[in-house]
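Visitor: I am new to this structure. Please show me how to read it.

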Amino acid sequence: MIAIDIPLWAARLRAWRRGRLWSREELGRRLAAEADEDTRDRLPAGRGLTETVRSWETGERRPGERHAELLCRLYGAGEADLFGESGEPAGTALWHHLTGVPLVPGRFTPEEEERTGRAIENPARADLQTVAYLEALLDACARSSRRPADLADVLSPVFTLIEGFHGDARPSVRRALIMLSSEDAETISRMRYEAGDLGEALRWSDRARRAAGQSEDERLVAYTLAGRAGLTGPRSDPGEVVEIAVAARERPIREHAAPSPRLAALTRLREARGHAMAGEEDMCHRRLEESAEPPEAEPEERTRYTFGYSPSLHEVLAAECFLDLGHLDDAIEILERELASAQTSAATAYDLARLAHAYADAHESERCAQVARRALDLARQTGAARALRELRLTRSGLLPGPRRRRPWRPGTPGAPGGPRWAT
């Protein structure tokens with residue numbers, strides 16, 4: 001039986017918050033927004049409210065009557081459900097609290113929650129139903145529009161949980177779990193990247209690639225390599241970017257697997273970016289032309305992981321290449337067209353920041369300021385720290401910024417070292 005040394009209501013508070021993918025800071029903001037004027041005046045401000053939430057979730061303090069009412073309204077639950085012994089089976093809140101895995105409201109039956117809790121108590125009991133639970137959990141999190149750093153924080157305990165099942169699971173179940181851990185690590189890597197932490201993104205990318213190798217699924221290995229090729233920063237080594245992209249494209253061929261047309265297009269785009277970073281214009285244009293060919297339909301056999309190629313992605317990455325090569329007019333034309341109807345996302349915030357930077361380099365200060373304001377608002381809304389870093393380079397006056405970055409040249413220190421990528 002799972003046991004912890006805090007009250008059940010405290011474990012439930014934490015599990016319900018994390019299940020909605022809210023940070024403690026966000027829960028505090030929601031509490032303040034839900035409160036009437038008198039109650040809002042009684043709430044501590046800023047970090048004080050975040051600390052109050054922490055003290056509730058650790059069982060150090062029990063919410064007072066007004067705070068309890070606010071919490072019940074936010075969670076759409078009765079006070080007995082949140083603070084009593086009724087509601088979901090006690091073990092559900094306890095194992096979610098113990099592992100940090102989000103308790104997604106309404107997604108799973110009590111039986112599914114209880115069965116997964118038993119597997120946590122005894123990892124040898126993990127089976128294909130456990131795998132199905134974890135797959136559904138990752139899908140629910142992946143569809144979230146939460147801030148990248150918050151989503152990465154939520155997904156990290158899921159990775160730890162999956163890793164904990166590996167040693168005792170049966171071979172068929174173990175392979176499925178390893179593949180899930182690779183996909184989870186790849187998603188965390190992307191989120192850390194958008195959150196502006198390239199170092200953590202690279203480390204999670206390494207975890208994704210290692211797990212993919214253990215799964216012996218060559219398409220999954222190629223998927224993680226393609227993801228790694230897209231993690232670039234001002235000090236990245238263009239030669240390594242090219243090398244990883246080529247390795248991702250050639251790996252399925254080397255293993256006699258049918259190469260994915262989408263994978264081929266995406267890796268040529270990544271390779272083109274590496275050539276552009278190195279100032280190799282002819283090779284860059286050649287790979288851009290090859291990647292522009294419409295990919296054929298994916299094979300009938302579907303996999304849980306997909307290669308994110310689209311015509312819009314092609315255009316945006318082509319604009320990135322043109323910016324690296326100094327072709328500002330071409331880049332601006334593409335970004336203006338593609339961003340006119342782009343979705344609200346951290347990636348869009350970054351692309352807007354890149355457009356503002358291009359206007360700045362083209363000495364169009366008024367347009368730079370307009371787009372930079374849009375990018376700043378969206379970056380703050382979505383938590384796109386990578387976009388904020390790019391905005392600092394525009395010298396738009398909205399954010400304090402460092403000196404302009406210099407293009408990479410041979411002899412410049414590259415990205416953190418690691419294994420070679422040739423297949």
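Visitor: What pLDDT does the protein chain average?

Guide: pLDDT is the predictor's confidence in each residue, from 0 to 100. This is a predicted model, where local features need pLDDT of at least 70, side-chain atom pairs count only at pLDDT 80 or more, and totals for chains, interfaces and linings use all residues. Residues are numbered from 1 along each chain as its sequence is written, and side-chain values use heavy atoms, without hydrogens and water. The protein chain averages 85, and 86% of the residues score at least 70. Residues 403–419 are below 50, and beyond near neighbours in sequence this stretch has 28 contacts (heavy atoms within 4.5 Å) in the model. Where pLDDT is low, the predicted coordinates should not be read in detail.

Visitor: At what angle do the axes of helix α15 and helix α17 cross?

Guide: Two packed helices are described by the angle between their axes and the distance between the axes. Here α15 (residues 261–277) and α17 (residues 311–325) cross at roughly 10 degrees, and their axes come within 8 Å. α15 and α17 are therefore roughly parallel (angles under 35 degrees) to each other. L266, L269 and R270 are among the α15 residues in this contact, and L313, H314 and L317 among those in α17. By class, the contact has nine nonpolar, one polar and four charged residues.

Visitor: Is C141 buried or exposed?

Guide: Buried means under 20% relative accessible area, exposed over 50%, partly exposed in between (1.4 Å probe, protein chains only). C141 has 1% relative accessibility, so C141 counts as buried. C141 lies in helix α9 (residues 128–142). Leaving out residues up to four places away in sequence, C141 touches L21, P102, L151, V154 and L155.

Methods
Axes fitted to C-alpha atoms, helices over the stretch in contact; angles between N-to-C directions. Helix = DSSP H or I, 4+ residues; strand = E, 2+ residues; numbered from the N terminus. Parallel < 35°, antiparallel > 145°, perpendicular 65-115°, else oblique. Nonpolar A, V, L, I, M, F, W, Y, C, P; charged D, E, K, R; others polar.
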